[in-house]
Amino acid sequence: MAEKADRTRGRLSPLADGLRSQGGAVVVLLIGVAFIAGGLELGKLAGRFPVMLGGVAVALALLEIVGGVFVKVDDNQKRTRAPLEKQELKAIAWIFLTIVAIYIFGILAGALVSTVVFCRFIEGRGILKSIANSIANVFVIWFAFSYLAGFDLYRGAIF
Amino acid sequence: MQALLDTALSLMTFEALVLMAAGCVLAMVMGALPGLSGTEALLILLPFTFTMPLEQSMLILASAYASSYVGGALTSIVFGIPGSSTNLATILDGHPLHKQGRTIFAVNLAAICSGLGALFSLVIVVALIPVMQPVALLFGPAEWFLFVIFGLVVLAFSNESNFLRVLMSGALGLLVATIGQSVVSGTPRFAFGITDLWSGVPIIAAFIGLYPLADAIDLARGGGAQGSSIEADPVVLKGLRQKGQLADAFRATIRHADKVGISAFTGWFVGVLPGVGASLASVLGYLVVRLTSRNQENFGRGDVRGLIGSETANNASVGGALIPALALGIPGSLNTAILLSVLMINGVQPGTNIFSEKVEALWSVLLGVALATLLSCAIVVIGGWRLSALIAKIPPRATAPAIVLIGCLSLLLARGNANDLIIAGALTVVGLLLKRFGFSRIAFVIALVLGPIVESSFFQAVAIGRGSYSVFFASPVSLILWFLIAICIGMHLKRVLFGESGPKAILAAERETSDG
C-alpha cells in the first residue's frame, strides 16, 4: 500500500509541479475570460477588440498550461517563485507607504515620511540620522524642482 | 538639409549644451549603477522637459538615451558587474583586460567603439531618411497592425525561455490599453466609473509603476557598496600608471576595423527589430565577431575583439531602434517608447508627419544622439576608470528613495493629477507580478503604448476590406510580414523540439567556462 502510494505520488508530482508552475498562465486565463465577458456586454463596436484579445490571451494561456504540465520546472523558475523574503516585503510595504504618504501629504511631506521610514527600517540607521537624511532629501527636491525649475509641487489631498 | 542646419543652430546655445551635458552625465551614472539604466535617467529628466520647446526636450532625452550604454561599460570592465543588461557581454573580455592591468586601454577602447557604433548607425538612419517616408506610406492600417504583431513575436522569439509568456504579456498590455473610451465608438470600457480612467491608463503612470517603482524594490533589498578598492591589485595598480593606453586603443580599433564594422552592422540590425533592444545587440555583436574571427581561444580571456564586438553593437542599436520609431511609430526599445510618448504628447506623429511638418524634432533626436555619444565618450576617455571607481562607491540601495521620489514627482508633474499615483501603484503590483512569474514588462509596455493605435488600425483595415479580414493578406507587405512571423514561430518550435541553444544560453555557457 505504502509502495503504491509512493509510486502514485512519484507519477503525480511532476504533474502537480507543472500545474503549480503555471500560476501566471492561470491568472492570464482568468483575465482573458473576464475581458471576453466584459467585451460581450459592450456591444459590437466597443466590445469586439477586447473579446478578440481576450480570446488570444486565453488561447496562449491554455498552450502555456498544457505545455507546462509536461515540462520540468527549472531551477530559475523555482527561485523566482520562492516565498518573498522579509527584506523584500519591507521594500514593497515601503513603496506603497511612499505612494500613500505623497498622495495624502504632498510631495515634500511625503518625501520626509518616506525617507525616514526607509533609513530607519530598511537601512537600519538610527532615528536621528534618518531624520537628518530625510531633511536633506527634501531640501534637495525643493531646491532642484521648486526653486531652480520653478515647478509647483503637489501639496497633498489634505492641504 | 536646411532643416538640419536650422535645428543645429538653434541647439548651439549655452542652455541647450548644458541640458545635453546634464542628460549625458545623469544617464552615464545611471547606466553605470547596477540595477539602474538609461530608462531611469529618461524618467528623471522627463518633468524638466514639460516646459521646454520640443527640440530641446528631444535633445536632452536623446542625449540621455545615447549615453547610458557608455556608462554601463565602465562597471562591466572594472568590477565585472554589468552596469545594465546592455553591457553583459562586455564583462567577458573587458574584465579580464582590467585584471591584466590594461584597465585604461579597455575603458578607452570601449568608449571609442561605443562612439563609432552609434555614429555608424546614425549615418545609416540619415541615409535612409529619403526612403523612410515612402516606406512609411507603404504601411496602411492592415500592414501597421501586422507590423506590431510581428514586433511582439520577434520580442518573444528573442526571449528564449519564455516565448509564450512574452506573447501573453503583449496580449495583456493590449487588453489594458482597451481600458477607457473606445477609440472607435467612444463608449467607456472597463473603467468601473473611475473618471480618471476614461482617457485610458496614463502612459507615464505605466512607465513609472512598471519600471522605477517595481525595480526600486530590488534596489531597496540589495546590499551595500560593491565598489571595493580597485587599486588593491598590484597588477592593476601598475597598469593604471602605464602611459600610451589611449593611443593603443585607437591602434587596436584601426587594426580590427573589420570587426568594428561587423559588430556595428549587427547592432544596428538588431536595433531595427521592434522591442528587441540593446542587450541582445550586445550579445549578438560579441558572438558574431567571435564566430567570424580566427584564433578564438583567447575570447573570454581578454581578447580585444570580444570587447569591440559587444560595445560597438549595443551603441549601434541606438540608431537602429530609431528607424521603426520615427518611421512607423513603433518603439524599438523601452527608451524609444518614452521618446515617442513625448513626441506624441507634443502633437508630433511619427511617420509621415515627422518627416514633413515636424522635421526639426527629427533632427533634434538625431543630433542629440550624435553629440551626446561624442560627449559621453570624451568624458570616459578623460575620466576613465576613476569615474567608475567613484560611481561604484554609491551603494545601489541608497539610490532607491531618490528613484522612487523622483518617479512620483515626474508622475505628478506630467498631468497634475494625484490619482495617477494610485494608478502607478496598481501598475507597480502588475510589474512585480510580471517579474515574478517570468513575464515580459517590455512587451506589456510596448503593447500598452501602441494599443489604441493598434485597435484603430484594425478597425480601419476591416473597414477598408468592407468587413472582410482578407485585407490582412491583401498586400505584398502584409504577406512578407506574415512570412516573417511564421519564420519566427517556426524557429522557436525548432528550438523547443530539438533543444538548440540561443544566443543568451551560449553566452551563459561562455561565462561558466571563463569563470571556471
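The model is predicted, so local features need pLDDT of at least 70 and side-chain atom pairs count only at pLDDT 80 or more, while totals for chains, interfaces and linings use all residues. Residues are numbered from 1 along each chain as its sequence is written, chains are lettered from A in the order in which they are written, and side-chain values use heavy atoms, with hydrogens and water left out.

**Where the chains meet**

- The contact (heavy atoms within 4.5 Å) takes 58 residues from chain A and 54 residues from chain B.
- Together the two chains bury about 4900 Å², 80% of it on carbon and sulfur atoms; buried area is the accessible area (1.4 Å probe) that two parts lose on being put together, summed over both.
- F35(A), F49(A) and F151(A) supply 13% of the area that chain A buries against chain B, more than any other three residues.
- Between chain A and chain B the count is 1 salt bridge, a term for a side-chain nitrogen of Lys or Arg within 4 Å of a carboxyl oxygen of Asp or Glu.
- R165(B) forms a salt bridge with E64(A), and their closest N and O atoms are 2.6 Å apart.

**A pair of helices across the interface**

- Helix α5 (residues 86-105) of chain A and helix α19 (residues 419-436) of chain B have axes that come within 9 Å and cross at roughly 170 degrees. Axes are lines fitted to C-alpha atoms, for helices over the stretch in contact, and angles run from 0 to 180 degrees between N-to-C directions.
- That makes α5(A) roughly antiparallel to α19(B), the word for angles over 145 degrees.
- Residues of α5(A), including I92(A) and F96(A), meet residues of α19(B), among them L421(B) and V429(B).

**Inside chain B**

- Chain B has 22 helices and 2 strands, which are DSSP runs (helices H or I, at least four residues; strands E, at least two) numbered from the N terminus.
- Buried residues make up 62% of the 516 residues in chain B; buried means under 20% relative accessible area, exposed over 50%, and partly exposed in between (1.4 Å probe, protein chains only).
- Q245(B) lies in helix α11 (residues 245-255) of chain B and counts as buried at 4% relative accessibility.

**Two loop residues with positive phi**

- F192(B), in the loop between β2 (188-189) and α9 (203-220) of chain B, has a phi near 50 degrees, a positive value in a residue other than glycine. F192(B) is exposed, with a relative accessible area of 75%.
- R466(B) is not a glycine, yet has a positive phi of about 55 degrees. R466(B) is exposed, with a relative accessible area of 80%.

Definitions and conventions:
Parallel < 35°, antiparallel > 145°, perpendicular 65-115°, else oblique.
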